[in-house]
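Student: Could we go through this protein together, with the structure open beside us?

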Amino acid sequence: MINSHRYCVIMCGGIGSRFWPYSRTARPKQFIDFLGTGRTLLQMSYDRILPIVDKKNIIVVTNADYASLVKEQLPDIDDSNIMLEPARRNTAPCIAWAAWHIAALDPQASMVVMPSDHLITREREFEASIRKGFEFVEANDALLTLGIQPSRPETGYGYIQIGNPTEEESINRVKTFTEKPDLSLAEVFIQSGEFFWNSGLFLWSAEAIKRELRKHAPDISAVFDRGQEVFGTENEDDFIHENFPGCMSISIDFAVMEKANNVYVETVDFGWTDLGTWSSLYDNSPRNKSGNVAQNCSLLSYDSSGNIFAVKEDKLVVVDGLKDYIVADAGDVLLICRKGEEQRIKQMVNDARMNFGEKYL
């Protein structure tokens with residue numbers, strides 16, 4: 001039987017500029033079926049949590065511009081469970097709003113917070129990990145994050161160093177958080193066995209995260225405390241529209257997790273990928289005998305390997321002598337970029353805006 005005091009918050013407001021030109025301002029990556037499964041990343045996230053959390057307790061926090069997309073892709077979710085941010089302010093204000101909202105509905109609530117654009121391949125293991133996490137935060141005054149068993153010295157993820165163990169197997173106190181390291185430091189992390197990838201998945205009680213926000217991010221908590229009486233009422237949306245844009249833009253990691261002294265990590269391994277880049281899509285897609293990935297296209301390749309080809313419409317792509325490239329054809333934009341240089345895509349997006357306005361974004 002599903003615990004009625006358990007809630008899920010799916011954060012769904014990002015633009016996904018690293019997946020440009022497929023991910024666009026009007027339809028970011030979480031609303032796209034990247035893997036050809038018939039379900040978008042958002043829909044897969046929703047499907048994944050349904051065995052654990054009642055659908056009436058699943059809340060999607062997104063930008064106001066994406067309300068219609070969320071309703072189209074998740075028709076089972078009630079409109080009252082789609083929370084529309086009037087401005088983008090990173091994850092701490094997003095999570096704060098959700099916590100104040102949920103606590104007003106259910107003072108005994110515990111909640112899992114998850115991004116809408118992650119790929120998880122072993123869903124039974126995921127379900128077991130989330131259930132264990134819920135049990136831990138319901139029994140302890142704890143902020144719990146999930147740390148992923150690393151498979152390589154990845155420079156694109158943050159890391160969590162585990163500290164002292166608890167009585168619960170695979171749950172430790174957090175010793176340190178480290179932002180994206182360079183390759184040499186990432187290699188040291190892997191060799192030590194003490195560091196895990198920071199998944200961006202969190203569990204806590206609604207009251208616990210409210211308390212820690214008040215302690216470590218009072219500028220943010222003060223905004224929501226001013227509206228204490230409006231949460232869960234018909235006046236909530238008006239209050240948010242007026243006050244939310246005044247929140248500072250800061251991540252929950254910087255605002256709370258790196259400062260609090262009751263932070264724990266559950267170390268897990270359930271086939272997790274932050275599907276944030278073309279390279280990560282390449283790594284999680286089937287490849288032909290030459291090591292090329294073809295998304296939504298037919299491919300003839302000659303002396304070419306390690307490439308990903310993605311097109312909006314069914315086309316034949318013919319390539320000769322290309323190695324380790326991203327070729328993404330979105331109809332009005334054709335991107336050709338070395339996989340090893342894809343961190344420059346954000347700059348390319350900025351340059352496109354400077355030169356052509358919002359036309360190609």
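Predicted model: local features only at pLDDT ≥ 70, side-chain atom pairs only at ≥ 80, totals over all residues.

Student: Which helix supplies the largest share of the lining of the second largest pocket?
Tutor: The second largest pocket holds about 480 Å³ of space, and of the 24 residues that line the second largest pocket, the closest to its centre are Asp-79, Ser-80, Ile-82, Met-83 and Asp-237. At least two lining residues come from each of α2 (67-73), β3 (82-85), α3 (91-105) and α8 (236-243). The largest share, four residues, is supplied by α8.

Student: How many residues of the lining of the second largest pocket are nonpolar, how many are polar and how many are charged?
Tutor: Asp-79 and Asp-237 are among the residues closest to the centre of this pocket, and Asp counts as charged, whereas Ile and Met count as nonpolar. Over the lining of the second largest pocket, the division is eleven nonpolar, seven polar and six charged.

Student: Are α6 and α7 parallel or oblique to each other?
Tutor: Two packed helices are described by the angle between their axes and the distance between the axes. Helix α6 (residues 206-216) and helix α7 (residues 218-225) have axes 6 Å apart and pack at an angle of about 125°. Angles of 65 to 115 degrees count as roughly perpendicular and those over 145 as roughly antiparallel, and α6 and α7 are therefore oblique.

Student: Is Ala-255 buried or exposed?
Tutor: Ala-255 is found in helix α9 (residues 252-257), and, leaving aside residues up to four places away in sequence, Ala-255 touches Ala-92, His-216, Ala-217 and Ile-250. The relative accessibility of Ala-255 is 1%, and the cut-off for a buried residue is under 20%. Ala-255 therefore counts as buried.

Student: Why is α1 largely enclosed by the rest of the structure?
Tutor: The buried residues of α1 (41-49) include Leu-41, Met-44, Tyr-46 and Ile-49. These buried residues of α1 pack against β1, β2 (58-63), α2, β4 (110-115), β5 (118-120) and α4 (123-139). The helix is largely enclosed because the number of buried residues in α1 is eight of the nine.

Student: Is the peptide bond from Trp-20 to Pro-21 cis or trans?
Tutor: Most residues other than glycine have a negative phi, and most peptide bonds are trans. Pro-21 lies in the loop between β1 (6-11) and α1. With omega near 10°, the peptide bond from Trp-20 to Pro-21 is cis.

Student: Is Asp-303 buried or exposed?
Tutor: Asp-303 is placed in the loop between β13 and β14 (308-311), and its phi, near 50°, is a positive value in a residue other than glycine. The relative accessibility of Asp-303 is 72%, and the cut-off for an exposed residue is over 50%. Asp-303 therefore counts as exposed.

Definitions and conventions: Residues numbered from 1 in each chain as written. Heavy atoms only, no water. 1 Å grid on protein atoms, 1.4 Å probe; cavity = no way out; pocket = protein on both sides within 12 Å on 5 of 7 lines; lining within 4 Å. Points joined across faces, edges and corners; volume = space filled by probe spheres on them. Axes fitted to C-alpha atoms, helices over the stretch in contact; angles between N-to-C directions. Parallel < 35°, antiparallel > 145°, perpendicular 65-115°, else oblique. Buried < 20%, exposed > 50% of the residue type's maximum accessible area, 1.4 Å probe, protein only. Contact = heavy atoms within 4.5 Å.
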